[in-house]
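The entries below record what I looked up.

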Amino acid sequence: MIEKILNFLFIPSVLFCFSFFLTWSVKTIFKKLDVLAKPTARGMHKTPTVSGGGVSVVIAALFCLFYFYFEMSLNRDLYFSSSIGLLVIGLLGLVDDIRGISYRFRLFVHIFLATIVISLFFQNILAETLYPLPISGAILFIFFVLFLVWFTNLYNFMDGINGLAIIQAISFFLSISFIFYLYYPDEYFYFFSVAGIFLGFLYWNFPTAKIFLGDAGSGAMGIYISINILYLFVLDGQLFWAGIILTSIFIVDATYTLFVRVFKGLPFYKAHNSHAYQKAAIALESHTKVTISVFFINIFILLPLALIILETNLNPLYIIFGIFSALSSVCFYFRAGIEE
């Protein structure tokens, strides 16, 4: 029994250690190169902190993908699309961390990459319908391009307090691994192992941030998770909606805040601290409480709700509407998008 547990934990543990020590190395190197995020009036941190740490997450994820593709028969489309997405968005973000890139150029690259991902690796989804929505063909293609682009950017928007983006990734991959253990037992181990990568980074980013993900990490994580959600749709349309539920805190907060800012004529592409999670951290005077709350909501509320749509014939949009409404009310309470 103990031997089985050790064998089961071996690969996730290797990924954890690889990510942990790689992050330490990146932190040491980038500190010497003065790749620092300086405190700003709109920021949530008071001291200069090393940025660009997400490079370690990107490298560890690429290593994980390589191993599972050649040793564990990981799906070809998932392997190549994830690898390209991580490389392109990771490098783009790293350049942005070091010298800055215009949001227009970033958006162009995001759209181009999303188009390539779907055109080359997920062509067969265009023959499917996004049940219960009557979306298929060219409209479905556009929908998923926009989904990948928006998720890449919203993950960047939501990386503003200690540990939040990492905790979201950990809870997502652990939840998906549990779902796959129940319904696709041959594939769950990949998702479980990926969580080890983010656990390895967590120490350096939570509860006190010793290094930030930076655009190199948050954007890459956004495209990586969204491609995994796209893969869920390839397997089963209901799994796609489960993925949406498991990431709904990020989706609602980012989308609600964006709409409010656009409605009020505020520049959506500039840094601000008016997201609901940021205002909650200010109100509670704690990053830690907000981040831990997100983890518990994801695991103990959203995961069971995702399982409901997989176990019943209930229209998933009913549950998603309820979740989005509840989360939107939280955003409304914290006056998300409104600068004080």
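**T23 and its surroundings**

I began with side chains: those of T23 and S56 are joined by a polar contact of 2.8 Å (a pair of N or O atoms within 3.5 Å; within protein, one must be able to donate a hydrogen and the other to accept it, and residues adjacent in sequence count only if both atoms are side-chain atoms). I note that this is a predicted model, where local features need pLDDT of at least 70, side-chain atom pairs count only at pLDDT 80 or more, and totals for chains, interfaces and linings use all residues. Residues are numbered from 1 along each chain as its sequence is written, and side-chain values use heavy atoms, with hydrogens and water left out.

I located T23 in helix 1, residues 2–32 (helices are DSSP runs of H or I, at least four residues, and strands of E, at least two, numbered from the N terminus). Is T23 buried or exposed? T23 counts as buried because its relative accessibility is 0% (buried is under 20% relative accessible area, exposed over 50%, partly exposed in between, with a 1.4 Å probe and protein chains only).

I then listed contacts (heavy atoms within 4.5 Å). Leaving out residues up to four places away in sequence, T23 touches S56, F201, W204 and I211.

**Whole chain**

I found 13 helices and 2 strands in the protein chain. Of its 340 residues, 52% count as buried. I looked at contacts between residues at least 6 apart in sequence, and 77% of these join residues at least 24 apart. The C-alpha atoms fill a box of roughly 50 × 50 × 40 Å along the principal axes.
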